[in-house]
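Work through each task with the structure open before reading the solution.

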Amino acid sequence: YYITNNLRMVLLTLLARVTDGLPLSASIDNSNEKEQNLQVYQNQAKQLFRKLSPNSPSRCTLESGPMFIHYQIEQGVCFLIICHNNFSKKLAFNYLAELAQSFLERYASQIGQASRPYTFIEFETTIRKLMKSYTDSRSPKQLSKINNDLADVQRIMVQNIEDVIQRGEQLSVLDNKANNLSMMSRQYKKESHQLNLNAQQWKYIAAGVGFVLLFLFLRYWVF
């Protein structure tokens, strides 16, 4: 039961300021003490915070072995969670949206003044309550949230966490590369379509010229 239940919950929640990566608050599920490599993923998340910039994509998913690291940036704060890769993506970003709303309603005006790590550690109580409500992604309540969520999470960029950390590239650079590839693909399709149209036009022109020549030949040489 323990393993099965782990696959359906948020294992770790971290909040950090985007400008300098300062941790603001955090919560880890106490029932996951047997999660052997959770500290590894937590360290990866902290390294990720140092890669963020104001130009980073506002929502992103990072793969790390059997785990997904999902994050959402709101008003200069990165709200990040670690969960198993079969935990509903829509549910994960639903959770992050609720988390961001709750935190910003209470602390939005104080974020810039925070000078020490985990200044808002008292927010952990709220995080725990929210984490508990998202424990089972297959419960009727959570399934309803998934079905009613119209956000297009399938378009959220997915990257490998090790690639980001080891290459030292900021996520804004990766996002720009992804956007450039998308633009190049659209441009290629547009140009291919135009070439096809041009080819069709030349076919019609060639056929028209052939018809005119045939008409002139018949008119002057046959008749």
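## Exercise 1: The chain as a whole

Solution. The model is a predicted one, and its chain holds 7 helices and 6 strands, which follow one another from the N terminus as α-β-β-α-β-β-β-α-α-α-β-α-α. As for burial, 42% of the 223 residues are buried, while the accessible surface comes to about 13300 Å², with 55% of it belonging to carbon and sulfur atoms.

## Exercise 2: Strand β4 and its partners

Task: determine with which strands β4 pairs and in which sense, and explain why β4 can be called largely enclosed.

Solution. Begin with strand β3 (residues 59-64), which pairs with β4 in the antiparallel sense over 6 bridges; in this pairing Thr61 stands opposite His70 of β4. The two strands form a hairpin with 2 residues between them, and Gly65 in the turn has a positive phi of about 60 degrees.

Next take strand β5 (residues 77-84), which runs antiparallel to β4 and is joined to it by 8 bridges, with Ile69 having Ile82 in β5 as its bridge partner. This hairpin, too, has 2 residues between its strands, and here Gln75 takes a positive phi near 50 degrees.

Finally, consider burial, for which the cut-off is under 20% relative accessible area: 7 of the 8 residues of β4 (residues 67-74) are buried, so this strand is largely enclosed by the rest of the structure.

## Exercise 3: The nonpolar cores

Task: identify which elements each supply at least two residues of the largest nonpolar core, and examine the surroundings of Leu15.

Solution. The largest nonpolar core has 27 residues, and those with the most contacts inside it are Leu15, Leu24, Phe79, Tyr95, Leu99 and Phe103. At least two residues of this core come from each of β1 (10-17), β5, α3 (89-107) and α4 (124-133), and α3 gives the largest share, 10 residues.

For Leu15, set aside the neighbours within four places in sequence; the residues then in contact with Leu15 include Leu22, Leu24, Cys78, Phe79, Leu99, Phe103 and Ile127. As background, nonpolar side chains in soluble globular proteins tend to be buried together.

Methods. Residues numbered from 1 in each chain as written. Predicted model: local features only at pLDDT ≥ 70, side-chain atom pairs only at ≥ 80, totals over all residues. Heavy atoms only, no water. Helix = DSSP H or I, 4+ residues; strand = E, 2+ residues; numbered from the N terminus. Buried < 20%, exposed > 50% of the residue type's maximum accessible area, 1.4 Å probe, protein only. Areas by Shrake-Rupley, 256 points an atom, 1.4 Å probe, with all protein chains shown as cover. Pairing = 2+ DSSP bridges. Core = buried A, V, L, I, M, F, W, Y, C linked by side-chain atoms within 4.5 Å. Contact = heavy atoms within 4.5 Å.
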